[in-house]
Amino acid sequence: MKIGIIGVGSIGSTLAKRLPAKGHDVKVANSRGPETIDEDLLANGAQAVTAEEAASDVDALILSIPLAAMPKLAPIIQALPDETAMIDTSNYYPHRDDAIEAINNGQTESEWVVEQLGGRTIAKAWNAVLAGVFADQARESGDSERIAIPVAADDARAGEIARSLVEDTGFDAVDAGSLAESWRQQPGSPVYCTSLSAGQVVDALARAEKDRIPPRRDLAIGVIMDRADDPSLTIDHHYLTQLNRVIYG
């Protein structure tokens, strides 16, 4: 497929390396221009372009940018043809994104993103996996240790494309339902960054309790910030996975 990626942070950079290795034609952009994209991200064949070029003539456009930056992309997104599948990897963290009243009042992050993009629907994928896990723990299909990633979507075609690409990146894709239910994979939920198998993801999605998710998210952030200055503690994806399982489970 022809794929555009806007954002080369921790998730976007791994996508830029892994999807071309599976035969996809990938263009990647950031907010500072193609000349600032590290060459190692292009080693498997991805092409560095502008954001406008990344969104042009593609089957799928992946947005891997901070949630608060979504409104800036609205003009680009609204110009896309209807058949282009939109996939969002973002998460809401109040201490980083500033308070977004609608989300704080219960609107799902995905539905808020749809509003910021002028009503353009999305699929939600790769948001519930730690960057280190995503980069280091990909497995071939059928591997007993393969981790699963939930994918929520309202549009059947966008959801199908997102799940296919998740599989191509080395993880099992689990259909997590509609965007209205995508709170079940938001930060603080039992499935969020806890490195579960496909069957465990299905169970974790079902166990999620909406009112308990934000306080659990904030508790985890508080613990991480409290421990960040401890030189005896390595806060890597192994530590974070265990912490998330204890707090979110």
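Which residues lie nearest the centre of the largest cavity? The legends below begin with that view.

The model is predicted, so local features need pLDDT of at least 70 and side-chain atom pairs pLDDT 80 or more, while totals for chains, interfaces and linings use all residues. Residues are numbered from 1 along each chain as its sequence is written, and side-chain values use heavy atoms, with hydrogens and water left out.

**View 1. The largest cavity and its lining.** A128, A148, T194, S195 and L196 lie nearest the centre of the largest cavity, which is lined by 13 residues. A cavity is a set of points on a 1 Å grid over the protein atoms alone where a 1.4 Å probe fits but cannot get out, and lining residues have an atom within 4 Å of a point. Searching the whole structure gives one cavity of 30 Å³ or more. The volume of the largest cavity is about 60 Å³. Here a volume is the space filled by probe spheres set on the grid points, which are joined across faces, edges and corners. Rolling a probe the size of a water molecule over the atoms shows where empty space is left.

**View 2. The largest pocket.** A pocket is an open set of grid points with protein on both sides within 12 Å along at least five of seven lines. The largest pocket holds about 800 Å³ of space. Its lining has 35 residues, and S10, S64, I65, P66 and R96 are those nearest the centre. Two or more lining residues come from each of α1 (10-21), α4, α10 (213-227) and α11. Such helices are DSSP runs (H or I, at least four residues), strands are runs of E (at least two), and both are numbered from the N terminus.

**View 3. The aromatic pair of F134 and F171.** Rings of Phe, Tyr and Trp (its six-membered ring) pair if their centres lie within 6.5 Å; planes under 30 degrees apart are stacked, over 60 edge-to-face, and the rest tilted. By this rule there are two aromatic pairs. The ring centres of F134 and F171 are 5.5 Å apart and the planes are at 40 degrees, so this pair is tilted. F134 belongs to helix α7 (residues 131-136) and F171 to the loop between α8 (156-168) and β8 (172-175), so the pair ties together parts 37 residues apart in sequence. F134 is buried at 0% relative accessibility, and F171 is buried with a relative accessible area of 0%. Buried means under 20% relative accessible area, exposed over 50%, and partly exposed in between (1.4 Å probe, protein chains only). R18 lies over the face of F134, 5.3 Å from the ring centre. For a charge to sit over a ring, NZ of Lys or CZ of Arg must be within 6 Å of the ring centre and within 35 degrees of the ring normal.

**View 4. The aromatic pair of Y192 and Y248.** Y192 and Y248 form a tilted pair, with 6.2 Å from centre to centre and 55 degrees between the planes. Y192 is in the loop between β8 and α9 (198-207) and Y248 is in helix α11 (residues 237-248), so the pair ties together parts 56 residues apart in sequence. Y192 is buried at 6% relative accessibility, and Y248 is buried at 2%.

**View 5. The surroundings of N91.** N91 sits in the loop between β5 (85-88) and α4 (94-97) and is buried, with a relative accessible area of 10%. Its side chain makes a polar contact of 2.9 Å with the side chain of N127 and another of 3.3 Å with that of Y192. A polar contact is a pair of N or O atoms within 3.5 Å; within protein, one must be able to donate a hydrogen and the other to accept it, and residues adjacent in sequence count only if both atoms are side-chain atoms. Leaving aside neighbours within four places in sequence, N91 is in contact (heavy atoms within 4.5 Å) with residues including L67, E109 and K124.

**View 6. D154 beside L179.** D154 is in the loop between β7 and α8 and counts as partly exposed at 48% relative accessibility. A polar atom of the D154 side chain lies 2.9 Å from the backbone nitrogen of L179. Apart from residues up to four places away in sequence, D154 touches T121, I122, S178 and L179.
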